[in-house]
Amino acid sequence: MSVEAQELACREGHIGLLTLNSPGTLNALSDSMIEQAQSTLDRWAGDDRICLVVLQGAGDRAFCAGGDIRQLYDAIIDPTDPEKPARFFTREYRLDYSLHRFPKPVVGIAQGVVMGGGLGLFSGCRYRLVTPDITLAMPEIAIGLFPDVGASWFLNRLPGRLGLFMGLTGARLNATDTLRVGLADLAIRPEDRDNLMARLQEERWTGKAAANDNRLFRLLSRVQTPDYRALPVSQLEQHEQYIARLSSGDELPEIVDQLLSAEVGSEWWNTCMKTLRTGCPVSAWLVWTQLKKAQQMSLRDIFRMELAMASECTRRPDLKEGIRALAIDKDRNPRWSYERIADVPEEVVAAHFMPEWNDETDPMGLE
């Protein structure tokens, strides 16, 4: 099974342990994995024996590298079922929303790569634990998509315009960065993961979610964390003044020009600028627009907006071309539908934000 569901007995109550179990693909989310995870969470939500849930990824290399873009590519080029790609996003976003609204405490334990759809899952967890080797990013601009899976919600809650910067550049954050900006709550050593699970199983969990959450909070606050000097040096601490200054402004083309022309001269910064320079111009506008629109939106409406955006992306050429260049032909030379950000018509961007679904028309059935 590409998703492993275990029910671990405790001194009282049970823990639901959900493991993304496809280490060969860095636990990238396939359609079947999403369906398995959703059905398990739906079952556990109504099972009084399950008092809390732990979500993790198998192997040492990744929690989850995002959606399975090869499978998505195959769905996009399949002429027999044009709605298949949109159904993938519909199921994925429903899973993310289920985690955000899960009626019992959820602990996410992440190691290695956490990107795209992986960050969508991780951000939905009530408690987010990372190991020191974490690499976290939203690199969708490189494939002609946009930061989805609820990113309009969690990127908007980062300090300054860091969310915009991450979406435009695919900036990779390390463990220190992730803790610094609140995308994770706690760092643990890899060797302490088994000890943590054993400690959780020693507890008496009740049928009351609030009491379990309070007990879990107190238990996690006593977990031994790595010495901060053993964690990687924060890239954000070194660059946050540049990010805040250069990402300010009211016009996207102006901001992009400021970023690309800045003389910062670090390897981390240069990698960010390469992604921005070669990324999809339409995606840049989607990042800019989604973050502005989402500022006053509920989480439910954000997922509805992102589903409309993703559905339009599957109909336009850029997403297919971006995946082709990165994962199929691997020439890393995508030919975007527009060469420059300034060339993208307003109506092309606007088409990604229709329709505006409500409770009656929402295909995800979010409540």
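Tutor: Gladly! Let us start with a definition: a cavity is a set of grid points where a 1.4 Å probe fits but cannot get out, and its volume is the space filled by probe spheres set on those points. Keep in mind that this is a predicted model. By this rule, the second largest cavity has a volume of about 30 Å³.

Student: How many cavities of 30 Å³ or more are there?

Tutor: The count is two. The largest cavity has a volume of about 50 Å³.

Student: What makes a residue part of the lining of the second largest cavity?

Tutor: A lining residue has an atom within 4 Å of a cavity point. For the second largest cavity, the residues that pass are Gly144, Val282, Ser283, Leu286, Cys313, Arg316, Asp318, Leu319 and His352. Helix H13 (281-293) and helix H15 (317-328) each give two or more of them, and H13 has the largest share with three residues.

Student: How would you class the residues of that lining?

Tutor: Four are nonpolar, three are polar and two are charged. Gly counts as polar here and Cys as nonpolar.

Student: And which residues line the largest cavity?

Tutor: Leu18, Leu20, Leu29, Met33, Ala37, Leu41, Leu55, Leu95, Leu99 and Leu121 do. Leu, Met and Ala count as nonpolar, and the class count is 10 nonpolar, no polar and no charged residues. Strand S2 (14-20), helix H1 (31-45) and helix H3 (84-100) each supply at least two lining residues, with H1 giving the most, three.

Student: Let me turn to Leu291. Why is Leu291 called buried?

Tutor: Leu291 has a relative accessibility of 7%, and buried means under 20%. The value falls under the cut-off, so Leu291 counts as buried. Its place is in helix H13.

Student: Which residues does Leu291 contact, leaving aside its neighbours within four places in sequence?

Tutor: They are Ala151, Ser152, Leu155, Asn156, Gly163 and Leu164; each contact means heavy atoms within 4.5 Å. Also, Leu291 and Arg161 are 130 residues apart in sequence, with their C-alpha atoms 10.0 Å apart in space.

Student: How do you know that Asp42 and Arg94 form a salt bridge?

Tutor: The rule asks for a side-chain nitrogen of Lys or Arg within 4 Å of a carboxyl oxygen of Asp or Glu. The closest N and O atoms of Asp42 and Arg94 are 3.5 Å apart, so the pair meets the rule. Asp42 lies in helix H1 and Arg94 in helix H3, so this bridge ties together parts 52 residues apart in sequence.

Student: What makes S1 and S2 a pair of strands?

Tutor: Pairing needs at least two bridges. S1 and S2 have seven, in the antiparallel sense, so they pair. Among the partners, Leu8 is bridged to Ile15 in S2. The two strands form a hairpin with four residues between them, and Gly13 in the turn has a positive phi of about 80°.

Student: Which classes do Val149 and Lys330 fall into, buried or exposed?

Tutor: Val149 is at 0% relative accessibility, so it counts as buried. Lys330 is at 54%; exposed means over 50%, so Lys330 is exposed. Val149 has a positive phi of about 50° although it is not a glycine, and Lys330, also not a glycine, has a positive phi of about 60°. Val149 lies in the loop between strand S8 (135-137) and helix H5 (151-154), and Lys330 in the loop between H15 and H16.

Definitions and conventions
Residues are numbered from 1 along each chain as its sequence is written. This is a predicted model: local features need pLDDT of at least 70, side-chain atom pairs count only at pLDDT 80 or more; totals for chains, interfaces and linings use all residues. Side-chain values use heavy atoms; hydrogens and water are left out. On a 1 Å grid over the protein atoms alone, a cavity is a set of points where a 1.4 Å probe fits but cannot get out, and a pocket is an open set with protein on both sides within 12 Å along at least five of seven lines; lining residues have an atom within 4 Å of a point. Buried means under 20% relative accessible area, exposed over 50%, partly exposed in between (1.4 Å probe, protein chains only).
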